[in-house]
Amino acid sequence: MITTEQHEKLRGWFVGRLPDDLFQSLSEVTVDREEITVIGRIAEPRLAEGTSDAEKEAAVESRIQEFRERTRDDRVAVAREAEHRFRKKVSWGVECGGERALFTHVAAPVMTRLRQPQRQVLDTLIAAGVARSRSDALAWCVRLVERHADDWLTELRDSLEHVQRVRAQGPDAESTEDGEAEPEDTPRDEQTEN
């Protein structure tokens, strides 16, 4: 987990590095241990008034695909630079016409041990056809929690950030050249910048 200031610096790097005409606006930059995800807004297709929902949906999907193909070289160049600088994979996505599409992104395996009551929850989801496997059912549960516990998770993330700041001021904190302590998850470029 990184601090708000580190996240702002990361977002600022992308704002400064992305070609001006890549997105209409940069919607979101998120980061975790494995990946940085960059999502931008692109122009909606121009449609005649009274266009059917099916035609709108197809036009948006087509616009997203066109953007993905047309900008691949630019995105790959930025991703290579960012991956070298931050030591994390970079994934891309767009928002267009109320739709959000993620391009190739990291699906990191997570190991866990579950007791019988938790396994029964997963097995029920499989039996009901909601999931194909326990792994799929567990991912479904995480998405459900993510959707319905946003306020609680935001408060928890804020608390973790505060804990990191307090730890950084402790007696065991490593010092930088100017004497300030850095959190453990500082992106690489901030640790080795000359």
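**Buried and exposed sites in a predicted model**

User: At 4% relative accessibility, does Gln6 count as buried or exposed?
Analyst: This is a predicted model, in which local features need pLDDT of at least 70 and side-chain atom pairs count only at pLDDT 80 or more, while totals for chains, interfaces and linings use all residues. Residues are numbered from 1 along each chain as its sequence is written, and side-chain values use heavy atoms, without hydrogens and water. Buried means under 20% relative accessible area, exposed over 50%, and partly exposed in between (1.4 Å probe, protein chains only). Because its relative accessibility is 4%, Gln6 counts as buried.

User: How far is the backbone nitrogen of Thr3 from a polar atom of the side chain of Gln6?
Analyst: Gln6 belongs to helix H1 (residues 4-17). Helices (H or I, at least four residues) and strands (E, at least two) are DSSP runs, numbered from the N terminus. Between the Thr3 backbone nitrogen and a polar atom of the Gln6 side chain, the distance is 2.9 Å.

User: In what order do the elements of the protein run from the N terminus on?
Analyst: The protein has seven helices and four strands. Starting at the N terminus, their order is α-β-β-α-α-β-β-α-α-α-α.

User: What separates the C-alpha atoms of Arg80 and Val90?
Analyst: Arg80 sits in helix H3 (residues 72-86) and counts as exposed because its relative accessibility is 61%. Val90 and Arg80 are ten residues apart along the chain. Their C-alpha atoms are separated by 8.1 Å.

User: Which helix supplies the largest share of the negative patch?
Analyst: Lys and Arg count as positive, Asp and Glu as negative, with His and the chain ends not counted; a charge is placed at NZ of Lys, CZ of Arg, CG of Asp or CD of Glu. The negative patch is formed by Glu146, Asp150, Asp151, Glu155 and Asp158, with Glu146 in helix H5 (residues 134-148). The largest share, four residues, comes from helix H6 (residues 150-168).

User: What is the area of the nonpolar surface patch made by Val130, Trp140 and Leu144?
Analyst: Leu144 lies in helix H5 and is partly exposed, because its relative accessible area is 33%. Together, Val130, Trp140 and Leu144 make a nonpolar surface patch of about 220 Å².

Technical notes. Patches are made of residues with over 30% relative accessible area and no salt bridge: like charges are joined within 9 Å, nonpolar side chains (Val, Leu, Ile, Met, Phe, Trp, Tyr) within 5 Å. Accessible areas come from the Shrake-Rupley method with a 1.4 Å probe; for residues, only the protein chains shown count as cover. A salt bridge is a side-chain nitrogen of Lys or Arg within 4 Å of a carboxyl oxygen of Asp or Glu. A polar contact is a pair of N or O atoms within 3.5 Å; within protein, one must be able to donate a hydrogen and the other to accept it, and residues adjacent in sequence count only if both atoms are side-chain atoms.
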